[in-house]
Each structure stands twice: as C-alpha cells, then as structure tokens.
2 protein chains.
Amino acid sequence: MSSTNRQWKLTAYPTGMPQATNWDLVECPIPKPGANELLVQALYWDVAPYMRGRISPKKNYATGVSIGDVMVSGAIGKVIHSNSPAFQTDEIVVTDMGFGWQDFAVLSPANIRRVDPTIAPLPCWLDFMGINGLTAYFGLVEAAVIKPGDTVVVSAATGSVGQLVGQIAKIAGCRTIAITSSEDKINWCRELGYDEGLNYRTEPDLAAALGRVCPDGIDVFFDNTSGPIHDAVLQNLAAHARITLCGTVSLADRFDEPDIGPRFLRQILVARARIQGFLVLDYQLRYPEAWQRLTHWYNAGLINQKYDIDEGGLTNLPSAFLRLLNGQKFGKQLVKALPLN
Amino acid sequence: MSSTNRQWKLTAYPTGMPQATNWDLVECPIPKPGANELLVQALYWDVAPYMRGRISPKKNYATGVSIGDVMVSGAIGKVIHSNSPAFQTDEIVVTDMGFGWQDFAVLSPANIRRVDPTIAPLPCWLDFMGINGLTAYFGLVEAAVIKPGDTVVVSAATGSVGQLVGQIAKIAGCRTIAITSSEDKINWCRELGYDEGLNYRTEPDLAAALGRVCPDGIDVFFDNTSGPIHDAVLQNLAAHARITLCGTVSLADRFDEPDIGPRFLRQILVARARIQGFLVLDYQLRYPEAWQRLTHWYNAGLINQKYDIDEGGLTNLPSAFLRLLNGQKFGKQLVKALPLN
C-alpha cells in the first residue's frame, strides 16, 4: 500500500467557467482513523454538477469548499482499516459527498453505506443506488407529484439524473420528452424509453419544437440545466404544471453575475404553475423508500444507465469535471482509481 | 327607470399601458331577462388589476374580452326584475366578475350571491367578502401554507388584496412587511398592523432594505406585482420560502413583449423555495370556508380596509382603471353608480 495520500486542493474560486488551474495536486501522509473511524481507499470518484456550487463564495445549501481544502466528492472505496465494529477490512463502501478528490479518506460509519456488488455493479452505487437515484425519485414523486398521463420534459436527459428521471417517469405511466445535446444522446434516450427527444443544439426554435411534441402543454418539467432550455419550456406549460428545479448546470460559467433574460412570471401565474427548488438532502429520512423501489426496478430490468468512466485515475479528476460542465460527457460520469503501488 | 343601457365596449387591445381610447361608451336597450334570469342595475363596479390580463390577445387563465364586447367587471347591484324564485326585486346582489362595465346586466342565479348589508357595508362585498378576501385567504393558507412565526412580505401592500394579506397573516401569527409606494401608504400599513413598511419608490436599494428588516430571510412572499419588487425579494429568501404569485400589475405595460431582467433560479434552488402561480378560481368549492372566517374576523374587528371609491359613475370607469394600473389609487378601488333618471 502507498504511504502517501494525493489530494486535489482548491487554489481559487473560479471566475466564470472553472479551469484546471483552480486545483493543485499535493501529497501528504495517509491519515490515521480515530476511534470508531475507518480508513477508506477510493475505487471510483463521483463527478457531478453540484460540485460547481461548492466552489463558489456565493451562498449555497451546504458549506462550500474553502480555498486550500480538498475538493468535495462522493466515492466508492475499500475499507483499509476499520476501528468500527460495523465495518470490516476489505469491505466496499460508498459515501455520497464526504470523500473528496483524494486517494484515501478517514470516514465515520454514519456517513457511509455498505456496497453489495451482488445487487448491482460498483458504479451503480454512485448513481441510481446513490444520490442520483434519490434525486430522480424524490424530485419526481415528491417535488413534482407526477401522475400517470403527465407529459414530463427532462433537460440534460442523458445525464446522471436525467436518464433515471425518464425511466422512473415511464414506470409511473407518464409520457416523456428528452432534451439533450446530440443525435447519439437522442438515440440513447429512445433506448431508455423516452417517447420523444429534442436536440437543443440543432433545434432552430426549441420552444416551438416543444409546442409541437407537447400540443397539450407540459405537465412536469424536471429541470437539470436552467438557462435557455428552461426558457423554452416555460412557454409551453400546461395548467397546473410542476417544475422541479434540480440543477443549474447551464449557469456554471455565470456564478458571479446575474443571469439576465426573459422572466416568465406571467406564464407561471396564468398556468398556476409551481416552481420548486429541489435538494435531495431534504428527504434523507425517506431514502430507504427510494432505495427499495430503485433496487426492485433494477432487478426487474427497468433501470438501464449509461456510464462515462474516465479510467485515468485521480490525476484526471479536474479534466473530467470540466468535461461535465461543458456538456461533453455522455451518461453518468465517474473517475476510476488506478491501482496504487 | 332609465330605458337605455350604457356600456363600455373594448375597441382595441392596448399596446403597452392601456389608454382611455381602448373603450367606447355606447348606448343600447336594456336587456330582458329570460327564464330563471334576473335584470340587475349596478350600484358599484369593481376595478381590479386582473382586468388587464383580460384585454390582451395573450393566453390567460380565462377567456378574454373580445373587441366589441363589454369590458369585464364584477359589480354590486339591485335586482330590478327577477324571473328566479331565489331572488326578489330590490334585493342587493354581487357578482365577482360577471357584470361588465354597464348600467344593467342580465344575470343567472348561479353567478350571484345575496348581499346582506347588516353583515358589512356594500363595498365590502366586492372586497373582503368577495374575490379579494378569497384571494388573500387561499393565497396565504393554501398556496403559501403560512405558519405562525413566518416572516411574510407583501407587495402592493395597501391594494385590495395586500391590505387583507397583511391582516390575515397577523391573525395567523406571522411577522409582516409591507412594500408600497408612499409614506401615506406606509402609515396606513402601520394602522393595519404591518410590522414594517418599505417605500419602493424612495428606497435606494430595496433588496438591501429587505435584508435589514428580514435578517433571517423571507419565509413567505405574497407577490401582487412581479417586476423589480419581486427581484428584490428573491435575493432575500429563507430556506423553504414560499412565493404566492398572485398578480403581475408591474407588467401592465409589458403584455406584448418579454419581461427581461435578472432571473433567480439559482437562488430558488439554493433556498429550495417554491413559486406557486395562484388563481383564486381554483378554490371555488372551498369559498364558504373563507367567507365564514372572514366574516368572523370582520365581526371581531380584525379586518380594517381602506376604500378608494370614485363617485363619478359609469363614465369614470376607464380613468379609474388607469389610476389603478399607474399605482395612483389608495385602497380597494371601486366606482359608485350615479342615480339614473
């Protein structure tokens, strides 16, 4: 086992779109777990849009990463040493956000869950068996209150959350429309069961295209992007539409300035629509309900996720994150650890 | 009794802010009620912001006034002739929206309610005993789900709905902040029991002022205006804030162009806030619940409304409406009918 721990530390808050120079790779000794703690070695790191909000001095729903701190991240890892009776050496565990971009982390049993590879392969535990599955489930079921027959539009429809939203909405008996950024992604959306797919990069008038595929209006919008896609949907709301505002990845380069554009308050009033800012952490007490459903659906063959796994190890984390923010990845993005000496 | 009926008919959809020339005053014979119908003579007409949305070709929650049709309006009136066993000649009745800007209307019993002047004076029946009371009640109780201790901000706080919102929120145990347009109106807000009042016309930085008077953030925003006041509030949301989007009077001159400005989707997400487009008509089956409460509170001396009554009769309706849209009236605005020859 390696005797050093490598860590990506934040050097500066990005201005606009983050750059690789916002982090420095440093080495330090492997930390020692205290009483009832575990030392865990990363196998996969999560790379997700929420991380953009954590490297900004702006107010967020959770404390941000301070300058000089290790970048925030969830990870799947192997227990190297356990001072907790609840976990044994060599067990595989997952933490949703508490690992960081580093080889090793000291974790508390309260913040980790056991991974069972006989239920689903490892990457799934940072995806539909993790924060993405919980987000799609509670964002649809609780925030948007989906009903059979609803027309559901999903932005970033092949993203980690979007893929699941489309599949869960179909399970619930909804009609589903994907908005994504390439023909390949639209083809993947068809395989996932989406009823329609629109490429916002080539569609000359996205609002008009949505009007054509949703002639009776949009009942539910699961918004992972904000920005111009949001604007196009807001022009096509059905009465009593519900919008789950889950992500704002289109604003990744605009954290420090107001987002100026058309507002749709009149349309929201006329439709008696609802916009609900959504954060999965608000539903923590009910996570087991979602895990039970998602496991059941996966076993029934109803969950089919695409992964975009960078196999280059820890050193590739910043570039993988920038690919995500630039809309270049395809599927749930992870970085796989290389074997350590 | 007069033998002619005067009517204000829409001549053109306004471009931007409505003008007096958007209506023509015409004369026609008094209509005859059919089976089970009543002929009613107006005593007071309602003048309200929702009427702006009805004279636009844009999609609205209800059918708009067509060119050549009588302008929409509620009214209190006296039954002149009744073909319905449910109402007698000389009884006073109210209709929320079904009368129009005219001296006489033929009404159906289903669309009117009996006015009891021993419960409250006539103008009250187009106010807290009518659509304004219902709007304030359901907009707070159902759309915003107010709780004791909430900090509640109200725009157009001395308007027909705003006055009531402040008083009902106080009854419910909330802290209330009025946003209005003059020192006189702020003084009136104090009499109504508002805890704080801000004049958006003289406040150099409304967002900062709201931050000072709401240091723990705004839990509930009852928005009657949209526009820059909305923008200032959105920068001060508490976690899990709820916004009842009830009116967009600040957009009265911008029905035909997009409302461009800062959007606050990131703030909504971070606060997990909710914006709920609100229309009182969605709560029709529950109106009696609100009437019961409002009557009780009025009898207990807890409802104290200011009225701005134009006593110039039917010919003054367009100018009264334009005063409302320009923010020049003070209190619930009505036009009182002159005696007819």
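## Two crossing helices

The crossing of helix 2 and helix 3 in chain B is right-handed. This is a predicted model. Helix 2 of chain B covers residues 131-143 and helix 3 of chain B covers residues 160-171; their axes come within 9 Å and cross at roughly 45 degrees. That angle makes helix 2 of chain B oblique to helix 3 of chain B, because an angle that is not roughly parallel, antiparallel or perpendicular counts as oblique. Two packed helices are described by the angle between their axes and by the distance between the axes.

Which residues of the two helices meet? From helix 2 of chain B come Asn132(B), Gly133(B), Thr135(B), Ala136(B), Tyr137(B) and Leu140(B). Helix 3 of chain B answers with Ser160(B), Val161(B), Leu164(B), Val165(B), Ile168(B) and Ala169(B).

## The fold of one chain

Chain A contains nine helices and 16 strands. Its C-alpha trace spans about 60 × 45 × 35 Å along the principal axes of chain A. A compact globule of 341 residues would have a radius of gyration near 20 Å, and the value for chain A is 20 Å, so the two agree.

Of the 341 residues in chain A, 49% are buried. Contacts can also be sorted by how far apart the partners are in sequence. Among the contacts in chain A between residues at least 6 apart, 67% join residues at least 24 apart.

## How the two chains are related

Two copies of a chain are related by a rotation about an axis and a shift along it. Here a rotation of 180 degrees, with 0.0 Å of shift along its axis, superposes chain B on chain A with an RMSD of 0.0 Å. That is the relation of a two-fold axis. The same surface serves both copies, since 100% of the contact residues of chain B recur in chain A.

How many residues of each chain are in contact with the other chain? In chain B there are 29, and they are in contact with 29 residues of chain A. Strand 13 (259-263), helix 7 (265-271) and strand 14 (274-277) of chain B each supply at least two residues of the side that touches chain A. Helix 7 of chain B gives the most to that side, with six residues.

## A loop residue: Asp216(B)

Asp216(B) is located in the loop between helix 5 (206-213) and strand 11 (218-223) of chain B. Is Asp216(B) buried or exposed? It has 10 other C-beta atoms within 10 Å, and a residue with 12 or fewer counts as exposed, so Asp216(B) is exposed.

Leaving aside neighbours within four places in sequence, Asp216(B) is in contact with Thr151(B) and Ala238(B). Thr151(B) is 65 residues away from Asp216(B) along the chain, and their C-alpha atoms are separated by 8.6 Å.

## A positive phi at Asp90

Most residues other than glycine have a negative phi. Asp90(A) is not a glycine, yet its phi is positive, at about 80 degrees. Asp90(B) likewise has a positive phi, near 80 degrees.

Where does Asp90(A) lie in chain A? Its place is the loop between strand 4 (75-82) and strand 5 (92-95) of chain A. Asp90(B) is in the loop between strand 4 (75-82) and strand 5 (92-95) of chain B. Asp90(A) is exposed, with 9 other C-beta atoms within 10 Å. Asp90(B) is exposed too, with 9 other C-beta atoms within 10 Å.

Notes. Residues are numbered from 1 along each chain as its sequence is written. Chains are lettered from A and ligands numbered from 1 in the order in which they are written. This is a predicted model: local features need pLDDT of at least 70, side-chain atom pairs count only at pLDDT 80 or more; totals for chains, interfaces and linings use all residues. Copies are superposed by least squares on the C-alpha atoms of residues with pLDDT of at least 70 in both. Two residues are in contact if their C-beta atoms, placed from the backbone, lie within 7 Å. Helices (H or I, at least four residues) and strands (E, at least two) are DSSP runs, numbered from the N terminus. The radius of gyration is taken over C-alpha atoms; the globule rule is 2.2 Å times the number of residues to the power 0.38. A residue is buried if 20 or more other C-beta atoms lie within 10 Å of its own, exposed if 12 or fewer, and partly exposed in between; C-beta atoms are placed from the backbone. Axes are lines fitted to C-alpha atoms, for helices over the stretch in contact, and angles run from 0 to 180 degrees between N-to-C directions. Angles under 35 degrees count as roughly parallel, over 145 as roughly antiparallel, 65 to 115 as roughly perpendicular and the rest as oblique. A crossing is left-handed if the near helix is turned anticlockwise from the far one by less than a right angle, and right-handed if clockwise.
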